[in-house]
Amino acid sequence: KENAKNSLTGKYADVAFAFNRHISKKQKKFAKTLERGAKRQEKQIKKKLKKLNKRIEEISKLEK
């Protein structure tokens with residue numbers, strides 16, 4: 001979660017203010033949407049990595 005926030009603050013200036021109390025609801029909503037998107041991407045990447053690792057293991061077993 002923290003990584004997502006950090007990576008997003010670099011990309012989008014609005015996100016940096018999302019965790020500040022004196023910010024409009026619109027900006028907070030935008031930041032939350034971005035954070036949710038980042039989490040979703042993270043999950044997808046993890047799934048792809050798992051699949052790749054399984055494939056690599058299967059191939060290495062076949063070669064032996």
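This is a predicted model: local features need pLDDT of at least 70, side-chain atom pairs count only at pLDDT 80 or more; totals for chains, interfaces and linings use all residues.
I started with the fold order: from the N terminus on, the elements run α-α-α. That is three helices and zero strands, taking helices as DSSP runs of H or I with at least four residues and strands as E runs of at least two, numbered from the N terminus.

Residues are numbered from 1 along each chain as its sequence is written, and side-chain values use heavy atoms, with hydrogens and water left out.

Next, helix H3, residues 25–63.

Then burial. I found that 14% of the 64 residues in the protein are buried (under 20% relative accessible area; exposed is over 50%, partly exposed in between; 1.4 Å probe, protein chains only). In H3, the buried ones include Ala31, Leu34 and Glu35. An α-helix has 3.6 residues a turn, so residues three or four places apart point the same way.

Surface next. The protein exposes about 6,200 Å², and carbon and sulfur atoms supply 53% of it (Shrake-Rupley, 1.4 Å probe).

I looked up patches too (residues with over 30% relative accessible area and no salt bridge; like charges joined within 9 Å, nonpolar side chains within 5 Å). A salt bridge here is a Lys or Arg side-chain nitrogen within 4 Å of an Asp or Glu carboxyl oxygen.

- Ile45, Leu49, Leu52 and Ile56 make a nonpolar patch of about 390 Å². Ile56 sits in H3 and is exposed at 54% relative accessible area.
- A positive patch includes Lys32, Lys39 and Arg55. Lys39 is in H3 and partly exposed, at 37%.

Definitions and conventions
Lys and Arg count as positive and Asp and Glu as negative; His and the chain ends are not counted. The place of a charge is taken as NZ of Lys, CZ of Arg, CG of Asp or CD of Glu.
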